[in-house]
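Please read the following note alongside the coordinates. The points are numbered so that each can be checked in turn.

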Amino acid sequence: MKKVILSYIEKVPALSPTIAKIVQLTSSDTSSAVDLVQAIKLDPALTVKVLNLINSSYFGMPQEVTSINRAIILLGMNTIKNLALSAEVLSSFNPSKGALFNVDKFWQHSLACAISSKLIAQRIIKDPVKREEFFIAGLIHDIGKIFFIKHFPRDYLSMVKKVGSSDSLNHKERLLFTMDHAEVGGLIAEKWALPPDLVASIRLHHERTVKGETSFLPASVYISNLYCKTNGYGDDIGAMVAKETDDQDWGRLNLHKVDEAEILSCLPEKVEEAKVFLQVRSK
């Protein structure tokens, strides 16, 4: 089974040439805003999607942004990169309307995790540029589930229905497929040549403890995933009851459980403002 899964991962479409170029440019210290503008302009459809996201109420721009040049000046290269990557993932990993699970609920959970992770980053990360990685990490943390549903729809969803409140979805996945969705998602992210910390955040988003942890990304996504599932933003894939976060979890970020309410109290409002991200899927 593992060989079959790895062969399917090999066939996962690479990022589009434009997105791959954008990721490459924003990972280089020698690239300029002009380079990024030129790369995005090669894809008119992507340009429209990115501008639609920028002009949503989530970003609250005082006036309409009509050019990628202006967008980079206002939001920075890393934000634009993550918006472009978000649009790509939402479009390419979007199951058909006949999907055997609640697609809208899945992506609402992912979006809530993205926003939650970024809200956490605003508390613990001083560099605004680095905070943007937390949003995309939350958004794509469950792409491994989409992979399983696409390639093994009946087997996977039949297994999901049998997951009880005391079961671990990841454990059930490993029994049936030899790999869980976090590991599969990490392999897909590696194939896309995403930054190592981002790959780790996908691969480790169910790990409560991580030896030698050097980045806050995995812990942030782990906490966001639990918080969202216990506060009305579950994805309905698996019947298990998510546990509440505690001091040990928040301690990985040098924070405490009591900080949770203050940091994440605005989540419902922010999710509502960011629903434009979900509209990208059908465009």
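1. Leaving aside neighbours within four places in sequence, which residues is Thr47 in contact with? The model is a predicted one, in which local features need pLDDT of at least 70 and side-chain atom pairs count only at pLDDT 80 or more, while totals for chains, interfaces and linings use all residues. Residues are numbered from 1 along each chain as its sequence is written, and side-chain values use heavy atoms, with hydrogens and water left out. With those neighbours set aside, Thr47 touches Ile40, Lys41 and Ile68, where contact means heavy atoms within 4.5 Å. Thr47 sits in helix H4, residues 44-54, and is buried at a relative accessible area of 15%. Buried here means under 20% relative accessible area, exposed means over 50%, and partly exposed lies in between, with a 1.4 Å probe and protein chains only. Helices are DSSP runs of H or I with at least four residues, numbered from the N terminus.

2. Ile54 also belongs to helix H4, and its relative accessible area is 0%, so it counts as buried. Apart from neighbours within four places in sequence, the contacts of Ile54 are Phe59, Met61, Val65, Ala71, Leu75, Ile80 and Leu83. The C-alpha atoms of Ile54 and Lys172, which are 118 residues apart along the chain, are separated by 40 Å.

3. Leu267 lies in helix H17, residues 267-273, and is buried at 1% relative accessibility. Beyond neighbours within four places in sequence, Leu267 is in contact with Ala112, Ile115, Ser116, Leu119, Tyr227, Cys228 and Tyr233.

4. The structure holds 1 cavity of 30 Å³ or more, and the volume of the largest cavity is about 50 Å³. On a 1 Å grid over the protein atoms alone, a cavity is a set of points where a 1.4 Å probe fits but cannot get out, and lining residues have an atom within 4 Å of a point; the volume is the space filled by probe spheres set on the points, which are joined across faces, edges and corners. The lining consists of Tyr58, Phe59, Thr79, Asn82, Leu83, Lys118, Glu132, Phe135 and Phe277. Helix H6 (77-92) and helix H8 (128-139) are the elements that give two or more residues to this lining, and H6 provides the largest share, 3 residues.

5. The axes of helix H1 (residues 2-11) and helix H12 (residues 181-191) come within 10 Å and cross at roughly 35 degrees. Axes are lines fitted to C-alpha atoms, for helices over the stretch in contact, and angles run from 0 to 180 degrees between N-to-C directions. On the H1 side the contact is made by Lys2, Ile5, Leu6, Ile9, Glu10 and Lys11, and on the H12 side by Glu183, Val184, Leu187, Ile188 and Lys191.

6. Two backbone positions deserve a separate check. Ala193 has a positive phi of about 60 degrees although it is not a glycine, and Asn254 likewise has a positive phi of about 60 degrees without being a glycine. Most residues other than glycine have a negative phi. Ala193 is in the loop between H12 and helix H13 (196-203) and is exposed at 54% relative accessibility. Asn254 is in the loop between helix H15 (247-251) and helix H16 (260-264), and counts as exposed at 62% relative accessibility.

Terms used
On a 1 Å grid over the protein atoms alone, a cavity is a set of points where a 1.4 Å probe fits but cannot get out, and a pocket is an open set with protein on both sides within 12 Å along at least five of seven lines; lining residues have an atom within 4 Å of a point.
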